[in-house]
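Trainee: I have a chain to go through. Can we take it step by step?

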Amino acid sequence: MRGGGAALPRVDLDAFARRAIEMSAADRTRVAAADGWIFFDRGLVDAAVALEHAAGMAASETLARLDRFHDQVFLAPPWPEIYRADRERQSSREEWIAAYHRLHEAYARLGYDPVIWPKVDLEACADDLLGCLSPARRPPVA
């Protein structure tokens with residue numbers, strides 16, 4: 001938006017999704033050697049599903065050349081309390097709900113295990129999410 005570009009969801013979803021895929025892949029590369037859990041908010045799969053929606057390019061094809069995430073993926077349902085349209089997020093509530101359902105279905109189709117966030121306070125939510133992760137995949141405690 002600052003640069004006046006057209007790769008924005010409301011202007012050119014295809015270009016936006018492709019740019020988001022580039023940025024998300026770069027984020028993954030940047031943290032590849034990090035110790036411990038790394039959580040991504042809206043990443044590669046989300047962008048691939050947006051590209052699938054915009055251009056019909058299968059998300060599985062877009063993601064085929066990239067490393068998978070952990071099998072469990074956490075999704076926040078479209079609760080009315082967390083939906084806020086603003087200058088950056090101009091989707092209607094109905095569009096937001098449709099996008100959530102596309103993501104939920106796509107994660108399952110791509111072999112991930114979507115885990116729906118519980119509607120609890122932040123500390124309890126973090127405990128629940130960390131408790132879901134496979135002990136075999138947990139980083140060692142220092």
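Mentor: Start with a term: buried means under 20% relative accessible area, exposed over 50%, and partly exposed in between (1.4 Å probe, protein chains only). This is a predicted model; local features need pLDDT of at least 70, side-chain atom pairs count only at pLDDT 80 or more, and totals for chains, interfaces and linings use all residues. Residues are numbered from 1 along each chain as its sequence is written, and side-chain values use heavy atoms, with hydrogens and water left out.

Trainee: What percentage of the 142 residues count as buried?

Mentor: Apply the cut-off of under 20% relative accessible area. The chain has 142 residues, and the share that counts as buried is 27%.

Trainee: Which pattern does the chain follow along the sequence?

Mentor: Helices (H or I, at least four residues) and strands (E, at least two) are DSSP runs, numbered from the N terminus. The chain has 5 helices and 2 strands. Read in sequence order, the pattern is α-α-α-β-α-β-α.

Trainee: Is S24 buried or exposed?

Mentor: S24 sits in helix α1 (residues 13-30). Its relative accessible area is 11%, so S24 is buried.

Trainee: Which residues does S24 touch, not counting those up to four places away in sequence?

Mentor: Contact means heavy atoms within 4.5 Å. Leaving out residues up to four places away in sequence, the partners of S24 are R42, G43 and L44.
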